[in-house]
Amino acid sequence: MGQTVVLKTVGKVSLLEIDNPPVNAISRAVVEGLDAALREYETSGTLGLVICATGRTFVAGGDIADFESPDFSASAFNDILLRIENGDRPVVAAVHGTVLGGGLELAMACHHRISTQDCRFGMPEIKLGLIPGSHGTQRLPRLVGLRQAAEMMMRGSMVGAVDALDFGLVDDLVSPEKLRDAAIDAFTKLAADPIRRTSAQSISDDGADALAGLEKLAAKRSSEAAFAALSGALIAARDLPFEQGIDMEAQLFDRLVTSAQSKAQRYLFFAERGAARVPGVDAVSVRKIETVGVLGVGTMGAGIAVAALLAGYLVTISEADDELLQAGVGRINATLDGLVKKGRLTEGQHQKCRTMLHKGVGPAALSDVDIVIEAVFEDMDLKRRVAAELGKYCKPGAIIATNTSTLDVNEIARASGRPEDVVGTHFFSPAHIMKLLEVVRGNATATEVLAATLKFARRIEKTVVVSGVCYGFIGNRMAEVYMRENEAMQLEGATPAEIDAVAQDPDLWGMAMGPNRMLDMAGVDVGARTVIEWMASGDGPTDPAYRILCRRMFEAGLHGQKTGKGYYLYEGRSASPNPAVHALATQLAKDFNFTRSAPPSRQEIFERLLFPLINEAAHILDEKIAARASDIDVVWTSGYGFPKWRGGPLWMADDIGLGKIVERLEFYDARADNNWNISPLLRKLAASGDRLSSVG
Ligand SMILES: NC(=O)c1ccc[n+]([C@@H]2O[C@H](COP(=O)([O-])OP(=O)(O)OC[C@H]3O[C@@H](n4cnc5c(N)ncnc54)[C@H](O)[C@@H]3O)[C@@H](O)[C@H]2O)c1
């Protein structure tokens, strides 16, 4: 235990080193180590103390697992921060890497902060439904002002060292090799000046409008923590003495840590990390991926190529002919240009991406790369043909990945002639932005192929979930039942806007977009084509009314945002309901004999969208398509705009109560013409009282 914090004397200065790999998180052992080291320092006669950390980063936060402990308390660490700040000799924080949460709170309790030029700072607690709980809400605005503190706390994003210097968060920037010497040298000057305690500083922008407009940000996130930060902690920092401010912070933190929102977000935090760990798959793969090929550079292929370029891979793209290739290059360049315009990429990085991009025509151009991701049209005959060509041209050991959204990966794998090399990589659109990647493990996929693909996914910064083979994999298979009910309810008289409003209502649910807005964004044509292909394959639904609205909208050219008309009418960035869709639904209801005395109520809309989603997820778990319930929650929160603060569909199901869900499913099943196919697993768990989100 003593090893996590070490106190040394360097010349006339004491140096406290935190050594708790991998990220020097504040754990109980670190708090105890800090306490012991401070006691030793307090009896020393040195000029002051430098606090720093070993390894790749300064303290990058608290140990989140500690929050789950019933006797968790931040008070021991908080007392240490007060001791540091109230000491009679200067304390200098020498920071590098990512200084997050408790790490930043520790640095702010020091009297002077020196940082490396590449260091980054952040308060990510909001992502766990929390506010900083170790005086951060009170010290941060005193250093950077109310407005900047609110931005950092409510967004949870990081700021770079140059900005941090500009805001007053740090006092000096140095190169990494000079960090410790610079901190020790600082005492020459600090010894002559009065000690500068953050808690004693006044807030620079305490005017009434410093926090104006931020309520919108809080409301958008529907986050209790954002409201607590804004209307509780920051107001306290502005209006109350420090001691009362930290009491207020402690009260708010204690309330949030036991809130449903924070529990859901902490569950997801562990779910996302857990999803990338697949039993029996060694993370250290033997197959190296250094070069990436993309076949078919349309919407998805271009995005995938950009994601790989941004991660530093050499990328070769290939198309069916030269003209299509040039169009693909144009799409990639336009995406990179867009990133430069938004400030997410420097001109230099853009140029570097261009030099790392190679091009060719046909599969032969990809004979030398380590992984090929095919993103050609969603057509089984074409996919089979392309797989056979790749099987022939790709070098031995190369991985062949398919970006199909619904087709049978096993069939594509067989067509390649080397099924052990084939894996599914189901990206979401736009592929360089959306975090989710479903990696589809075929029956024959070699373990080392899966391991290498997971490693590749991490390098391109995706949140990865492994799925087995089935129609639509985890995400789109569930989306199918959601869309089925969405469209059925429109034939029963609900409008697209009414349905979307229910899905988006944070008091009921809080989806980022309702199903109709989502279809318009993804392309009604894309959705309809998939349904048409599925029905034509003989494996899909046989009811001629099945998703008839979407199929008819496709035929009528109502393809959503791309054509300016879909469920909504688009003008610039504004959308208004498209009356033609409701009229079409009314006509189809007549044609297909849908009779309802009254359109579905808001509660019915809610239940008919959400409960089939949960039911389908239970089937997916039962069939072992997903290894864990939490993987399914990761898919929906990372790929479909399901609110993170609800934890995902299965966590939300447990909150609602499985018994109630089964009862309502039975009600709709009895009333409907179609079979709702209620999951035996769901029934079993409802009877036993076990949690659905804990399965796996
Ligand atoms: N669009 C989405 O939202 C989305 C999301 C996830 C997955 N997908 C899947 O990604 C794949 C591609 O979808 P998309 O939306 O990018 O389609 P797209 O129509 O935009 O692009 C397909 C590209 O493949 C090229 N192509 C066709 N045949 C080829 C061949 N023989 N050799 C080389 N190139 C060829 C076409 O020229 C075109 O540029 C499909 O399997 C689709 O299901 C799409």
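Helices (H or I, at least four residues) and strands (E, at least two) are DSSP runs, numbered from the N terminus. This is a predicted model, in which local features need pLDDT of at least 70 and side-chain atom pairs count only at pLDDT 80 or more, while totals for chains, interfaces and linings use all residues. Residues are numbered from 1 along each chain as its sequence is written, and side-chain values use heavy atoms, with hydrogens and water left out.

Start with the overall build. There are 28 helices and 19 strands in the protein. With a radius of gyration of 28 Å, close to the 26 Å that the globule rule gives for 696 residues, the protein is as compact as a globular protein of that length. Here the radius is taken over C-alpha atoms, and the globule rule is 2.2 Å times the number of residues to the power 0.38. Along the principal axes, the C-alpha atoms fill a box of roughly 85 × 60 × 50 Å. The protein splits into domain 1 (2-258), domain 2 (291-469) and domain 3 (475-688), with bounds that come from an automatic or database domain assignment. Between domain 1 and domain 2, the C-alpha centres lie 42 Å apart.

Contact means heavy atoms within 4.5 Å. Among contacts with a separation of 6 or more, 74% come from residues 24 or more positions apart. The accessible surface comes to about 29000 Å², and 53% of this belongs to carbon and sulfur atoms; the areas come from the Shrake-Rupley method with a 1.4 Å probe, and for residues only the protein chains shown count as cover. As for charge, the protein carries 74 positive and 88 negative side chains, and the centres of the two sets lie 2 Å apart. In this count Lys and Arg are positive and Asp and Glu negative, with His and the chain ends not counted. Each charge is placed at NZ of Lys, CZ of Arg, CG of Asp or CD of Glu.

Among the buried residues are I632, V634, V635 and W636, along with D631 and D633. The cover over them includes α11 (260-275), β16 (436-440), β17 (463-467), α18 (473-491), α24 (602-622) and α26 (649-656). After α25 comes G641, with a positive phi near 70 degrees.

The loop between α7 (179-190) and α8 (214-221) holds T198, and S199 sits in the loop between α7 and α8 too. T198 is buried at 0% relative accessibility, and S199 is buried with a relative accessible area of 17%. Leaving aside neighbours within four places in sequence, T198 is in contact with E85, M108, C110, R113, R139, R142 and L143. With such neighbours again set aside, S199 touches E85, R142 and F242. S199 and A237 are 38 residues apart in sequence, and their C-alpha atoms are 9.9 Å apart in space.

K127 belongs to another loop, between β7 (120-122) and α4 (136-144). Its contacts, apart from neighbours within four places in sequence, are R155, G156 and Q265. K127 and W645 are 518 residues apart along the chain, yet their C-alpha atoms are separated by 8.9 Å.

Finally, a few backbone details. Most residues other than glycine have a negative phi, and most peptide bonds are trans. A cis peptide bond joins P21 and P22, with omega about 5 degrees; P22 lies in the loop between β2 (13-18) and α1 (28-42). The bond from S429 to P430 is cis as well, with omega near -5 degrees, and P430 is in the loop between β15 (422-427) and β16. E461 has a positive phi near 60 degrees without being a glycine. E461 is placed in the loop between α17 (447-459) and β17, and counts as exposed at 57% relative accessibility. F473, also not a glycine, has a positive phi of about 55 degrees. F473 is part of helix α18 and is buried, at 0% relative accessibility.

Key. Buried means under 20% relative accessible area, exposed over 50%, partly exposed in between (1.4 Å probe, protein chains only).
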